[in-house]
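Student: I have a two-chain model to read. Can you take me through its features?

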Amino acid sequence: MTNDVEYGRYPVARLAVPEWMLKVERLGRVYGPYDDTVIASTGPEIGSSKSAVNGAVVAAWDVSFEVAAGEALGLVGESGSGKTTVLRCLAGDVAPSCGEARLRTTEGDVSMFDLDSSARRRLRIDTLAVVYQDPAEGLKMNISAGGNIAEPLTAAGWRNFGKIRDRASELLTRTEVPINRMDDLVRSFSGGMKQRVQIAKALANSPSVVLFDEPTTGLDASVAAGVLDLIRSLLEEHRIAAIVVSHDFSVIEMLTSRCLVMQHGRVVENALTDQLLEDPHHPYTQRLVAAARA
Amino acid sequence: MLLDDLIDSAQSDELLDEFAKREIRRAILAAVAIPGYQVPFGSREMPVARGWGSGGLQITLAVVHDDDVVKVIDQGDDDGVNAVNLRRLVTTSTGADQTSIAAEASVIQSRHRIPEDGLDEESILVLQVPVPEPLRGVERDMRELARMHAEADYSRMWVSLYEDKVRNGVITQTTGYPCLVNDRYVVATTPIPRWDIPRLHESPFLTLFGAGREKRIYAIPPRTKVEPLTFEDVPFEVEHADGATCSLCKSNAAFLVSLPNSDVWMCSDTDWCRRTREASA
């Protein structure tokens with residue numbers, strides 16, 4: 001791969017630094033042995049992500065996209081469509097079966113899937129953060145809010161107690177967690193507040209990419225609206241490249257400018273979010289949008 | 001030594017046969033080569049129950065020859081029941097001599113203390129370890145523990161220190177304080193008090209840690225960097241009681257322990273206390 005992009009006969013070379021922060025190409029994740037026949041036996045046309053040939057499950061296949069700094073990309077689809085699988089492959093929680101994901105860092109481009117597990121983990125500390133649907137996945141419940149934020153900070157080498165506390169209270173203030181709750185166990189927090197702590201933890205080392213997996217699904221409507229407001233302003237403030245996975249079009253509409261629609265493990269539509277909502281092309285997207293608008 | 005000789009000596013009356021000694025010495029060599037790394041070993045049955053010093057005992061038996069002089073203490077006391085029994089076991093089994101004076105000893109087995117003085121380049125300190133895994137308190141999964149050590153990922157340990165400081169205002173861990181050895185591995189320093197921690201740093205003597213129940217041996221070789229895990233702005237402090245002096249030798253230069261429910265303090269190292277009294281008499 002080079003950074004040179006060719007448009008027809010005219011090479012647009014060297015000067016054209018691509019602006020993507022994260023670039024995913026032909027990402028696939030299959031559970032079970034697979035070949036071309038197995039892949040061809042799944043997908044939206046077949047109406048299933050489970051192959052009738054050998055029972056393999058093609059959770060995601062041929063997923064490609066780019067996200068730039070300051071941009072949020074949505075991944076929409078119903079349960080089981082493969083959107084969370086894509087996110088977990090990028091997060092390093094699940095190993096992809098094929099494909100490539102390149103991340104722009106200060107030390108140059110990194111091919112994430114080629115890294116060993118220890119390098120992947122280091123990436124998660126300061127470059128790529130994840131906010132999970134279930135706060136229990138991203139936080140330690142028996143540790144205080146401040147302690148949870150201290151974890152990525154100490155992993156990044158912070159050794160000054162006062163500075164760790166200052167940074168934690170700064171982040172908690174920004175995510176609107178009452179600062180007098182900083183030393184309380186996260187277990188004792190409400191759902192919305194846990195999610196805010198998780199966001200504060202994700203931002204601890206100023207990552208360039210943040211992956212959101214259904215960040216407001218477990219929350220009631222008014223709390224969810226507050227958390228969404230917060231995420232939107234944080235994305236703008238920090239010029240973060242974000243991927244937002246959700247089945248909820250109101251979340252996608254509020255946070256993202258572009259989105260991919262997934263069904264049975266494939267991307268069926270790729271469009272600007274407002275266009276998609278106004279004028280969905282794929283029949284599946286039309287159904288999704290109609291359901292959301294009903 | 002050839003295998004045939006080993007087989008012959010396996011019939012010996014010693015507590016450890018040559019095979020066992022060889023295995024333990026190999027583990028010790030690996031431990032010395034990688035300071036702070038926990039080397040697994042077989043851990044034989046000993047005439048003491050696992051968790052009662054069987055790891056330290058096996059190391060001592062594997063390194064002691066009949067020309068060695070051993071000192072065994074329980075807390076700082078040469079005359080504690082466990083100390084007396086272990087010392088008798090070692091000397092009768094190996095033919096080594098015994099002493100209570102650290103400077104005369106070549107091998108010193110202990111659980112809770114490093115003797116106040118007398119350890120030099122010729123000394124080997126053997127510590128009995130109840131829990132060799134410093135991360136046990138923050139993680140239970142063995143695979144995850146192995147990964148954390150392999151990647152030197154000790155952030156969870158730092159978080160536990162952070163939590164301790166937040167909850168209690170000070171870092172409350174007193175004995176077995178976690179230390180970073182040779183800028184690489186975090187070790188559990190067994191239940192030695194904080195008082196003894198600075199004495200492990202760049203020490204002239206070799207320290208061997210044996211955990212018989214957990215089947216691990218690790219080491220701090222002489223002249224090795226040993227740093228207690230401490231935040232930059234929270235200085236590491238050793239135990240101190242204002243105005244306390246030993247009720248026997250009147251000194252406050254050694255680690256003092258108090259009698260239960262009283263203000264009576266005494267030196268933890270009984271032999272040091274005895275020699276201090278004799279010198280001033």
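Tutor: We start with the interface, then turn to the cysteines and one serine.

Tutor: This is a predicted model: local features need pLDDT of at least 70, side-chain atom pairs count only at pLDDT 80 or more, and totals for chains, interfaces and linings use all residues. Residues are numbered from 1 along each chain as its sequence is written, chains are lettered from A and ligands numbered from 1 in the order in which they are written, and side-chain values use heavy atoms, leaving out hydrogens and water.

Student: How many residues of chain B are in contact with chain A?

Tutor: Contact means heavy atoms within 4.5 Å. Here, 15 residues of chain B meet 22 residues of chain A.

Student: How is the size of an interface given?

Tutor: Often as the accessible area lost when the parts come together. Buried area is that loss, found with a 1.4 Å probe and summed over both parts. Chain B and chain A bury about 1600 Å² between them. Carbon and sulfur atoms carry 62% of it. On the chain B side, B:Trp158, B:Val159 and B:Tyr162 supply 32% of the area buried against chain A, more than any other three residues.

Student: How many salt bridges cross the interface?

Tutor: A salt bridge needs a side-chain nitrogen of Lys or Arg within 4 Å of a carboxyl oxygen of Asp or Glu. The rule finds one between chain B and chain A. B:Glu151 pairs with A:Arg121, and their closest N and O atoms are 3.3 Å apart.

Student: Which helix gives chain B the largest share of its touching side?

Tutor: Helices are DSSP runs of H or I, at least four residues, and strands are runs of E, at least two, both numbered from the N terminus. Helix 6 (residues 155-168) of chain B gives nine residues, the largest share of the side touching chain A.

Student: How many disulfides are there?

Tutor: A disulfide is a pair of cysteine sulfur atoms within 2.5 Å. The whole structure has zero. Take A:Cys89: its closest cysteine sulfur, in A:Cys98, is 9.3 Å away, so the gap is too far for a bond.

Student: Is B:Ser43 buried or exposed?

Tutor: Buried means under 20% relative accessible area, exposed over 50%, partly exposed in between (1.4 Å probe, protein chains only). B:Ser43 has 5%, so this serine is buried. B:Ser43 sits in the loop between strand 1 (39-40) and helix 3 (54-63) of chain B. A polar atom of its side chain lies 2.7 Å from the backbone oxygen of B:Gly212.

Key. Buried area = accessible area lost by both parts, 1.4 Å probe. Polar contact = N/O pair within 3.5 Å; in protein donor to acceptor, adjacent residues only side chain to side chain.
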